[in-house]
Amino acid sequence: MTARTAALLTVAAVVLSACASTTESNTGRTATEQLLLARASDRAVEGLVLPLPTGASVFIDDAYFQGEGTRYAVSAIRGAISDAGFSLARNKDEANAVFEIRAGALSLEQMRRVFGIPEMRIPINETFNVVSLPELSVYSHRDRVGVAEFSGFLYEAKTGAPLGAVMPMIGTYRIRSHKAFMVVSWGQQQAQPGQRDPGSSWTEF
């Protein structure tokens, strides 16, 4: 084989073995974690009512409603207020009442039960270097739970006089997965998006 032939074969091999790569962006939480919080927020505000006449104008004050995922929760509260028959004011001057909301909890919990020997980290010397031992289980299950708790109080927009309080509204959304012999998995693996009727993307209040 001549040097020229070898060079051509090398170039051909490089061209034929070329590959493409993609770049992915990573958010602070996975899609499943975000959906857990969203579904928990939706459940927390189900049946929300205010001590006001139907049709009263309400300004939602979310200045103290801060944290990751709170924008969806605020929108869920606004939707529940509208669904309850109240109108949403753009500012305090246009409102009959101000509803100041706060978040007691908006986060995730996880619990795992293992029947067998769980994964362990064991120190092996005086400098606390550790060695990891893998899990050896017959059965295990994992619960991931989105937890949302909201509350607030209501006051007259023009005078600041208190009108009432909304007790804590709590919603949870849980998914559970199972595993046998550390290999066979079943059960719900991820949160599902909200359901809607086929062909319809809106619901009339």
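The protein holds 3 helices and 8 strands, where helices (H or I, at least four residues) and strands (E, at least two) are DSSP runs, numbered from the N terminus. This is a predicted model, in which local features need pLDDT of at least 70 and side-chain atom pairs count only at pLDDT 80 or more, while totals for chains, interfaces and linings use all residues. Residues are numbered from 1 along each chain as its sequence is written, and side-chain values use heavy atoms, with hydrogens and water left out.

**Exercise 1.** Determine how the span of H3 compares with the expected one.

*Solution.* Helix H3 covers residues 70–83, which is 14 residues. The expected span is 1.5 Å times one less than the number of residues. From first C-alpha to last, H3 reaches 20 Å, close to the 20 Å expected.

**Exercise 2.** Identify the buried residues of H3 and describe how they are arranged about its axis.

*Solution.* Taking buried as under 20% relative accessible area (1.4 Å probe, protein chains only), one finds Thr-70, Ala-73, Val-74, Ala-76, Ile-77, Ala-80 and Ile-81. Seen down the axis of H3, these buried residues fall within an arc of 160° (from the directions from the helix axis to the C-beta atoms), so they line one face of the helix.

**Exercise 3.** Find the elements against which this buried set packs.

*Solution.* With contact meaning heavy atoms within 4.5 Å, the buried residues of H3 pack against helix H2 (31–44) and against strands S1 (57–61), S2 (87–88), S3 (97–117) and S6 (136–156). Just after H3, Gly-85 takes a positive phi of about 100°.

Methods:
Buried < 20%, exposed > 50% of the residue type's maximum accessible area, 1.4 Å probe, protein only.
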